Structure formats: structure tokens, C-alpha cells
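Please keep the sequence and the three-dimensional view at hand while reading.

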Amino acid sequence: MGFFIKRIPLAITALLLLSSLLPSFAQAGLFFKKTTIMGTDLEITVSASEASSAEAAFSSVSEEMARIESLMSEWMEGTPVAEVNRNAGIKPVAVPDEVFKIISDAVLISEASNGAFDITWASMRGLWSFAPGSERLPSKEEVDGRIGLVDYRDIVLDRSKKTVFLKRKYMAIGLGAIAKGYAVDRAMKRIISRGIKDAIVKAGGDMRVQGRGDDGPWKIGIRDPRDKDKLLATLDVSNISISTSGDYERFFVKDGVLYHHIMDPKTGYPARGTRSVTIIGPDTETTDALSTAVFVMGVEAGMELIKSLKGIEAVIVDSSGLIHSSPGISLSSPGGLGRP
Ligand code: ADP
Ligand code: MG
């Protein structure tokens, strides 16, 4: 079986489960499974009295994740999102309620972030590639020729018919910065519906933390974006969502310049103001989208947005390595805060 009772191995992305280091952890009946879905590592931890109920929860999560991927992927042929893209500039496409809701939410985040978050970034598809071995840096002409297609205001939503229409030909949407968070939320709902109270679901940089570990709240570490063995801060958390967007997740370096996968929709080039953004909030769909939005907005405008939203907190590492946190967050640091 793909899971085991015992210590949780250290996570490989920005968020880290420190509770796994507690000696008592192994006795709690915690089951862990790691797999790959939606192009990222999925890690599930559940507290259960028997292996069979943990196993049932794991398969329920995998099933739900696969269902969401078949709705929201822009790469898989025939998904509602792929159909919307195929009909860009041609006609509106009716989509399932869930897909309509995510696209509507994405447009709201675009409005709140003044276009820093924009699912029509996908109109640039093919120009950039961050896949190891086939990295691609587009020419300035290519970027300039395509950037005009990136504009969330050209997504036409019909609330009564539940249709989505991309106004111009060759436009495309991509839900890479919001669908994973939504999938994590749905996965946790499946776990809870099976009577499990304490659990963690983590898909890449998006994580939902439910209930508690042995000694109280789960402990989460935020990694230094330039030194993966170093922690910037630790947080005690429970019943909350946490997402991190970082410039070190998917990137390449060319002529000494780092190019990464979070795009500034105004320029068509990677956003430059921050190295990593961690958002804490009530649901993972929101924290996922906001981590990308604030990453693009930068410290000043990003913090302004976070302060205006109730129940949302942020930890931002700016381009010089300085850490900024929103007023509602208390960081306990094991050292390294404010490293220049
Ligand atoms: P990760 O995928 O590592 O969790 P994010 O949640 O920040 O990181 O999402 C980054 C992904 O979102 C990119 O790979 C791309 O698919 C998409 N994306 C890039 N720039 C933007 C943007 N400005 N607005 C919305 N989506 C974006
Ligand atoms: Mg995101």
C-alpha cells in the first residue's frame, strides 16, 4: 500500500510539517500517503483508528482530484475549460456549475488585484516553457505580439445560462493558480465526510490543515526561498488553509537571469517584486489564488489588498530577501528573519 503509519517525511516544497518531528506523532494513528496528481505532489495525512478507514479516505481523495482535473485542466482534451478555449472568439460554451463558479471567482480576484491575477495569462501558451530539458525563453517580439490577448475583461460570463465566452480568437484561460486550491478543499471535504477530524491535505504549495496534531495545533514551517534547509518562520495552525507561491518552484536561468512561472499579465514576463508569498485564509481556493495575485502585485500593493480582506494574512519575502508579514500574524522565528 502507498501509505504508512509513522513519521511524515519532510515535504519538498515551501510548506513543511513540523509536527512530524514530534516523537509522540508516531503513536497517534496517523496515516500518510504521497502520490502525484494534477502535475504536483499530493500528500495526505489522516488520523484514523484503522488502516482501512485511512485507505478508504485516500482513495476517495484520489477519485475527487481526478474528477476535478477532468473538469478544470486546460491541457486534457475535451474538458470544459479546453472547450472554452477551443471556442475563443467563436461562441459561448456552457460549463458545469463548479467550473462556472471557479472562473467567476477568478475574475473577482482579477478585479480585486487590479489584473495582477489573470487566468487569461494562458493566451501566452507555447511561448514560455519551464519543463526541465525543454525550457523556452520567448523573444520580445513574441511576447509583445501575444500580450494583447491577456485581459480578464474579455471573459464574458452569462450567469443564467452558465456560459463562458472568450471574446477574441486565440485567447485562452488556465486555472493553474486556483484549481489546485479548490481541489484541496474538495479533498478535505471528502475526508471529513468519512468522519475523520484531524487531517492535512497538501498539493504542491497548497495546503489545508484540519483539526489538530497530538500536542495541539499543527505546526507549519515556511521555508526560506533561497535555502530549502532553512525556515523563515513557524506557525501554529488549525482549520485553516495555507498557500505559497514561489519563484523557485518552476524556473530556469538564462544568462544569469532567473525566469519563473508566475507571470505579470501587464508585461508577459515573470513578476519581479517578490521571491515568495504565503497566504493564510479560510479556504484553499482563495489562498491559492491570492498567493499568486500578491506575488505579482509586490509588497506594497499586495499588503494593501491583504489588509482590506477579512480573515486573510500574508507573509511576503521581497526581492531582496526581506520578510514582511500582515498585522494579524505572529511569527515565531527559528532564526534568519530579515536576512538581506
Ligand atoms: P504553483 O502552481 O507552484 O502552486 P501558483 O499557485 O502561484 O503556483 O500558480 C502558478 C501557475 O498559475 C502558473 O504555473 C500558471 O499556470 C498560472 N499563472 C501564472 N501567472 C499567473 C497570473 N498572473 N494569474 C493567474 N495565473 C497565473
Ligand atoms: Mg496560487
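For the description that follows, Ala, Val, Leu, Ile, Met, Phe, Trp, Tyr, Cys and Pro count as nonpolar, Asp, Glu, Lys and Arg as charged, and the others, Gly among them, as polar. The model shown is a predicted one. In it, the shell around ligand 1 is made up of eight nonpolar, four polar and five charged residues.

Ligand 1 is surrounded by 17 residues, and the closest are Ser245, Arg250, His261, Met263 and Thr292. Several polar contacts can be located individually. A nitrogen atom of ligand 1 lies 2.8 Å from a backbone N or O atom of Met263. At Ala116, a polar backbone atom is 3.0 Å from a nitrogen atom of ligand 1. Asp288 takes part through its side chain, a polar atom of which lies 2.9 Å from an oxygen atom of ligand 1. Taken alone, ligand 1 exposes 560 Å², and the protein buries 94% of that.

Which helix gives the most to the shell around ligand 1? It is helix H6, residues 284–297, with three residues. The ion is coordinated by Asp288 (O), Asp288 (OD) and Thr292 (OG1), at 2.1 to 2.4 Å. Asp288 and Thr292 are four residues apart in helix H6, and therefore about one helical turn separates them. In general, an α-helix has 3.6 residues a turn, so residues three or four places apart point the same way.

Of the 14 residues of H6, 12 are buried, so the helix is largely enclosed by the rest of the structure. Among the buried residues are Thr284, Leu290 and Phe295. The length of H6 can also be checked: at 1.5 Å a residue, its 14 residues should span 20 Å, and the 19 Å between its end C-alpha atoms agrees with this.

At the N-terminal end, Asp283 caps H6, with a side-chain oxygen 3.3 Å from the backbone nitrogen of Glu285. Just after H6, Gly298 takes a positive phi of about 90 degrees.

Key: Residues are numbered from 1 along each chain as its sequence is written. Chains are lettered from A and ligands numbered from 1 in the order in which they are written. This is a predicted model: local features need pLDDT of at least 70, side-chain atom pairs count only at pLDDT 80 or more; totals for chains, interfaces and linings use all residues. Side-chain values use heavy atoms; hydrogens and water are left out. A residue is near a molecule or strand if one of its heavy atoms lies within 4 Å of it. A polar contact is a pair of N or O atoms within 3.5 Å; within protein, one must be able to donate a hydrogen and the other to accept it, and residues adjacent in sequence count only if both atoms are side-chain atoms. Accessible areas come from the Shrake-Rupley method with a 1.4 Å probe; for residues, only the protein chains shown count as cover. Helices (H or I, at least four residues) and strands (E, at least two) are DSSP runs, numbered from the N terminus. Donors are N, O and S atoms within 2.8 Å of the metal (3.2 Å for Na, K and Ca); water is not among the atoms, so sites may look incomplete. The expected span of a helix is 1.5 Å times one less than its number of residues. Buried means under 20% relative accessible area, exposed over 50%, partly exposed in between (1.4 Å probe, protein chains only).
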